[in-house]
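Please look over the following protein model, and keep both its sequence and its fold in view while you read. The briefing moves from the overall layout to single residues.

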Amino acid sequence: MKHQTIAVLDFGSQYTQVIARRIRECNVYSKIYSYKTSAKQLQKDGVIGVILSGGPSSVLAPNSPQADKKIFSIGVPVLGICYGVQLIAHLLDGKVEKSKEREYGHGTLTVSRKGSLFRGLPNKLRVWNSHGDRLAKLPTGFSAIASTENSSFAAISDEKRKIYGIQFHPEVDHSEGGINILENFLRKICGCKGDWSMADLARESIENIRKIVGKDRVLLGLSGGVDSSVAAALIHKAIGRQLTCVFVDNGLLRLHERELVVDLYKRNFNMDVRVARAGSKFLAALKGVTDPEKKRKIIGKTFVKVFQDSLKRIGDAKFLAQGTLYPDVIESISIDGNPAATIKSHHNVGGLPKSMKFKLLEPLRELFKDEVRALGTALGLPKEVVWRQPFPGPGLGVRVLGEINKRNLDILRKADAVLHEEMMESELYYKVWQSFCVFLPVRTVGVMGDERTYDNVIALRIVESKDAMTADWSRVPYEVLQRVSTRIINEVEGVNRVVYDLSSKPPGTIEWE
Ligand SMILES: Nc1ncnc2c1ncn2[C@@H]1O[C@H](COP(=O)(O)OP(=O)(O)OP(=O)(O)O)[C@@H](O)[C@H]1O
Ligand SMILES: O=c1[nH]c(=O)c2[nH+]cn([C@@H]3O[C@H](COP(=O)(O)O)[C@@H](O)[C@H]3O)c2[nH]1
Ligand SMILES: NC(=O)CC[C@H](N)C(=O)O
Ligand SMILES: [Mg+2]
């Protein structure tokens with residue numbers, strides 16, 4: 001069945017995929033297109049609505065990304081968000097100017113005319129802004145339908161031609177009523193019926209995997225984490241025994257992780273799972289390295305080397321499958337040459353070596369974690385897999401700050417096991433996004449049993465998040481923190497101080513490196 005489709009034209013916003021996922025949340029199928037896509041192509045694909053994303057450029061700058069102007073006359077509704085609305089004004093006969101007051105963060109939106117876009121919403125909304133330009137003059141046929149403190153044109157519409165524009169970001173979590181505004185656009189304006197679901201996504205990606213892989217074989221990097229497990233389940237449904245999973249023991253795993261994963265897979269899946277023991281290879285390659293980006297690149301490269309070596313044992317495979325998700329991608333690379341900035345090189349994306357003989361197969365590359373969990377549930381995966389906390393591929397390699405060696409790794413493993421036990425015990429493990437320890441290469445003075453100690457520090461990082469794009473430190477009860485701290489200092493030799501990380505993301509990131 002062909003679903004009703006909404007096109008999202010990407011102008012390089014950090015939030016383009018967030019727009020796409022909000023649309024999916026409304027049970028509507030959406031596809032991201034390059035901003036260069038012609039109106040003719042969109043017509044040919046039968047899209048029933050177009051959303052223009054935000055973007056880092058200014059429409060006033062020479063060579064800024066432009067859309068095909070004909071999209072306004074093919075008879076499908078258009079919604080411009082931020083850069084998108086500025087582009088509408090710029091391409092039609094309105095005017096955009098540099099604003100004196102940059103609007104960043106929360107603002108109060110006052111709706112003056114509800115029309116179809118704001119139907120059912122209150123007159124005042126707290127919305128999230130992020131822009132420096134603003135509309136100075138409306139194009140012919142448009143009227144202002146909402147304003148903020150700094151702009152009388154915070155939302156505009158031409159109801160006749162069904163062209164809408166909003167200066168704030170309805171797609172981000174912090175915009176009150178944002179999802180309702182998008183839903184109004186989809187349902188009331190574009191006429192979407194909501195004919196798409198996660199089960200459709202599963203079915204379609206299984207068909208797609210079959211088409212791409214054909215009779216070739218696939219090696220999947222299996223970590224036992226949520227993403228690679230869901231990817232494995234999908235690919236296994238598609239091609240069965242053409243799939244071999246390789247779990248790499250990279251020496252950077254948590255206490256008993258290898259045994260746990262092997263057992264988990266034996267109990268729950270009927271897949272071909274192999275273990276590659278490569279701890280000494282990783283540790284040798286990381287010897288003496290302290291720079292976080294260097295560590296990540298070395299780990300990424302070594303992973304691929306290990307995968308390539310394992311072909312000798314399991315036979316040739318054309319594809320390397322990974323459970324890469326969208327947040328891994330957006331932080332690692334720029335999309336379509338647009339300058340979405342590199343934050344850190346996730347080992348499975350920016351950390352991959354340039355020359356690699358595998359073709360990548362990454363069926364979850366456009367999804368967010370909570371969507372992957374929904375997909376895993378739709379595929380019938382057990383809770384202990386779907387709801388495991390994320391654990392980054394570089395593992396303890398990016399949690400032992402400074403030099404990675406066996407002593408420091410062992411200390412971290414023991415401390416981390418204590419935290420894990422206490423999180424389970426207090427039933428907080430599944431309530432938070434992640435809870436883990438970080439080894440600091442810092443020694444501080446303490447006193448234990450009347451004796452002076454001079455030992456390392458362990459930092460506790462416990463965060464809450466929906467999709468890892470933003471996060472806040474968790475307000476864990478003091479009693480739990482106290483138990484964890486006491487136990488770590490008593491039970492883990494080499495540690496005499498425990499601290500709690502109070503940074504949110506942004507400006508911090510979840511991992512320390
Ligand atoms: N120890 C490992 N052995 C083999 N592949 C791995 C290993 N660690 C990570 N990978 C690969 O790198 C990908 C990205 O790792 P990442 O940690 O983001 O995902 P995950 O482990 O599948 O899920 P989660 O985010 O829940 O930990 C994985 O999906 C997997 O393909
Ligand atoms: O597979 C991975 N490879 C990596 O290189 C990597 N770096 C960070 N993470 C995980 O991604 C989420 C966001 O992390 P940051 O806020 O630290 O960027 C958090 O859930 C992190 O644990 C990684 N996962
Ligand atoms: N978030 C955006 O789309 C920003 C648009 C444009 N770069 C501005 O600053 O106004
Ligand atoms: Mg993982």
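The structure is a predicted model, not an experimental one. Its chain is assigned to three parts, namely domain 1 (5-189), domain 2 (198-386) and domain 3 (400-500).

**Domains and their contact**

- The C-alpha centres of domain 2 and domain 3 are 27 Å apart, and where these domains meet, 10 residues of domain 2 are in contact with 10 residues of domain 3.
- On the side of domain 2 that touches domain 3, α8 (279-286) and α11 (369-378) each contribute at least two residues, and by class this side consists of 5 nonpolar, 2 polar and 3 charged residues.

**Nonpolar cores**

- The largest nonpolar core contains 81 residues, and Val218, Leu220, Val230, Ile235, Ala415 and Ile488 are those with the most contacts inside it.
- Helix α6 (residues 226-239) provides the largest share of this core, with 9 residues, while domain 2 (198-386) and domain 3 (400-500) each give the core at least three residues.
- Leaving aside residues up to four places away in sequence, Ile488 touches Ala415, Val418, Ile458, Val495 and Val498.
- Another core lies apart from the largest one and has 58 residues, among them Ile88, Ala155, Tyr164 and Ile166.

**Helix α11**

- Helix α11 is mostly covered, since 7 of its 10 residues are buried, and these are Lys369, Glu371, Val372, Arg373, Ala374, Leu375 and Gly376.
- The buried residues of α11 pack against α1 (16-25), α5 (198-213), α6 and α12 (383-386).
- After α11 comes Gly380, whose phi is positive, near 85°.

- An unreviewed UniProt entry places the feature "binding site" at Ser223, Gly224, Gly225, Val226, Asp227, Ser228 and Ser229.
- Ser223 is found in the loop between β10 (218-221) and α6, and Gly225 also lies in the loop between β10 and α6.
- Not counting residues up to four places away in sequence, Ser223 touches Ser228, Phe247 and Gly393, whereas Gly225, with the same exclusion, touches Gly323, Arg388, Pro390 and Phe391.

**Surroundings of ligand 2**

- Ligand 2 is surrounded by 18 residues, of which His346, Pro392, Thr509, Ile510 and Glu511 are the closest.
- Helix α10 (residues 326-332) supplies the largest share of this shell, with 3 residues, and by class the shell around ligand 2 has 6 nonpolar, 6 polar and 6 charged residues.

**Surroundings of ligand 3**

- The residues that surround ligand 3 include Ser13, Gly54, Gly55, Pro56, Ser57, Ser58, Cys82 and Tyr83, together with Ser130, His131, Gly132 and Asp133.
- Strand β6 (residues 124-137) supplies the largest share of the shell around ligand 3, with 4 residues, and by class this shell has 3 nonpolar, 8 polar and 1 charged residues.

Notes: Residues are numbered from 1 along each chain as its sequence is written. Chains are lettered from A and ligands numbered from 1 in the order in which they are written. This is a predicted model: local features need pLDDT of at least 70, side-chain atom pairs count only at pLDDT 80 or more; totals for chains, interfaces and linings use all residues. Domain bounds come from an automatic or database domain assignment. Two residues are in contact if their C-beta atoms, placed from the backbone, lie within 7 Å. Ala, Val, Leu, Ile, Met, Phe, Trp, Tyr, Cys and Pro count as nonpolar, Asp, Glu, Lys and Arg as charged, and the others, Gly among them, as polar. A residue is near a molecule or strand if its C-beta atom, placed from the backbone, lies within 6 Å of it. A nonpolar core is a set of buried Ala, Val, Leu, Ile, Met, Phe, Trp, Tyr and Cys residues joined through C-beta atoms within 7 Å. A residue is buried if 20 or more other C-beta atoms lie within 10 Å of its own, exposed if 12 or fewer, and partly exposed in between; C-beta atoms are placed from the backbone. UniProt positions are given in the numbering used here, feature names are shortened, and annotations may be inferred rather than shown by experiment.
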